Amino acid sequence: MKRNIKPEKQESCLPQDLISKDRTLAQVRSRIEDLAHLIQEKTLALRHAPEGRLRISMQGRNRRPHYYHVKDENINGEYIPKENMVLIKALAQKGYDQKILKVAKRQISLLEQFIRGYGANAIEDVYSGPFREGLVAPVVWNDNLYAKRWIEVPFEGLPFDENLPPLITSDGRRVRSKSELIIAETLIGMNIPFKYESPKMLGKVRVHPDFTCLNVNTRTEIIWEHFGMMDLSEYACNMVGKMNLYQKHGYRCGVNFIFTMETVKSPIKPEMVKRWAEDCLL
């Protein structure tokens, strides 16, 4: 039986929230978006629906359904033989879609009312502000404070060869390659917190991922490794071993792990870097 392997917990100076981060509004907005798409689809479908409505009458000793096509002022409608099941189903679907539209619009109205009331009473915003935040122990940290404290946790990275030309990001951090500079500047431009070559233990093995990023919304760390010399066979073999190590300890690409790679003839593309960041880190 397969085990559901989770990433091993890392030591952290961050205190634990007394309650989890409130995702209620995000879930409600997602529901409203789904309902809006549903309304759009059903509105389009009703434009192509047959005229009139379906009436079902239970008749006979066995109380079997008889179907009638009601149009205009004829309240009884015209009998539809069972051989014309296409029309019967189309009229039934029309009635169902009309009811769905009514309920979906009502739900959106109620959810929007909920957002207006609930959003004005966020626990994360109680005692918000630079002065009071430093005086109390919050039950749950707001995103800005959590990201700030996460960044402030100290770590010891790897040393640089001073003979190499320095590559410095716009916020003053040094990286080892032009491709890593592209990744770093993308993260900075998207306001995604990250640490460069912060150490992490995978079992008994210490690794220094290129980037350890924070998804502020989910409060999870995502590792980003860039493999920049895939032309070299020895480097590629080491890359496979490193990927297997991450997988063994619960890291899954697109979930809590990102990797990019390049060769001399196929360099990293900034638009793909941005897409990975959007998909996994926001």
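**Reading a sheet, its helices and its loops**

Mentor: In this predicted model, helix H4 (residues 178–189) lies across strands S6, S9, S10 (220–227) and S11, and runs at about 15° to S9. Helix H6 (residues 270–281) also packs on the sheet, where it touches S9, S10 and S11, and its direction makes about 160° with that of S10.

Trainee: In what order do the strands of this open sheet lie, and with what kind of pairing?

Mentor: Strands of a sheet pair through backbone hydrogen bonds, and the pairing can be either parallel or antiparallel. Here four strands form an open sheet in the order S6-S9-S10-S11, and the pairing is mixed. Strand S6 (194–196) and strand S11 (257–261) each have a single partner strand and stand at the edges, so one side of each has no neighbour in the sheet. From one strand to the next the twist averages 20°.

Trainee: In which sense do S6 and strand S9 pair, and over how many bridges?

Mentor: S6 and strand S9 (residues 211–215) are paired in the antiparallel sense over three bridges.

Trainee: Turning to the helices, which residues of H6 are buried?

Mentor: An α-helix has 3.6 residues a turn, so residues three or four places apart point the same way. In H6 the buried residues are Val273, Ala277, Cys280 and Leu281. When the helix is viewed down its axis, the buried residues of H6 fall within an arc of 90°, so they line one face of the helix. What covers these buried residues of H6 includes H4, S9, S10 and S11.

Trainee: How many residues does H6 have, and how does its reach compare with what is expected at 1.5 Å a residue?

Mentor: H6 has 12 residues, and from its first C-alpha to its last it reaches 16 Å, which is close to the 16 Å expected. The 16 residues of helix H5 (residues 233–248) should span 22 Å at 1.5 Å a residue, and the end C-alpha atoms of H5 are 23 Å apart, which agrees.

Trainee: Against which strands do the buried residues of H5 pack?

Mentor: The buried residues in H5 are Ala236, Met239, Met243, Leu245 and Tyr246, and they pack against strand S7 (200–202), strand S8 (205–207), S10 and S11. After H5 comes Gly250, whose phi is positive, near 95°.

Trainee: What do S1 and S2 form, and which residue in the turn has a positive phi?

Mentor: Strand S1 (residues 53–59) and S2 run antiparallel and are joined by seven bridges. S1 and S2 form a hairpin with four residues between them, and in the turn Gly60 has a positive phi of about 80°. Within this pair, Ile56 stands opposite Tyr67 in S2. S2 is also joined to S3, by three bridges, and these two strands run antiparallel; the bridge partner of Tyr68 in S3 is Tyr79.

Trainee: Is Ile75 buried or exposed?

Mentor: For this reading, a residue is called buried under 20% relative accessible area and exposed over 50%. Ile75, in the loop between strand S2 (64–70) and strand S3 (78–80), has a relative accessibility of 61% and therefore counts as exposed. Leaving aside residues up to four places away in sequence, Ile75 touches Arg53, Arg55 and Val70. The C-alpha atoms of Ile75 and Arg55 are separated by 8.9 Å, although the two residues are 20 residues apart along the chain.

Trainee: And is Thr169 buried or exposed?

Mentor: Thr169 also has its place in a loop, the one between strand S4 (167–168) and strand S5 (174–175), but with a relative accessible area of 6% Thr169 is buried. Not counting residues up to four places away in sequence, Thr169 touches Val175, Leu181, Ala184, Glu185 and Ile188.

Trainee: Taking the whole chain, how many helices and strands are there?

Mentor: The protein chain has six helices and 11 strands. Its radius of gyration is 29 Å, well over the 19 Å that the globule rule gives for 282 residues, so the chain is more spread out than a compact globule. Along its principal axes the C-alpha trace spans about 95 × 55 × 40 Å, and buried residues make up 32% of the 282 residues. Of the contacts with a separation of 6 or more, 54% are between residues 24 or more positions apart.

Definitions and conventions: Residues are numbered from 1 along each chain as its sequence is written. This is a predicted model: local features need pLDDT of at least 70, side-chain atom pairs count only at pLDDT 80 or more; totals for chains, interfaces and linings use all residues. Side-chain values use heavy atoms; hydrogens and water are left out. Two strands pair if DSSP finds at least two bridges between them. Axes are lines fitted to C-alpha atoms, for helices over the stretch in contact, and angles run from 0 to 180 degrees between N-to-C directions. Contact means heavy atoms within 4.5 Å. The expected span of a helix is 1.5 Å times one less than its number of residues. Buried means under 20% relative accessible area, exposed over 50%, partly exposed in between (1.4 Å probe, protein chains only). The arc is that of the directions from the helix axis to the C-beta atoms. The radius of gyration is taken over C-alpha atoms; the globule rule is 2.2 Å times the number of residues to the power 0.38.
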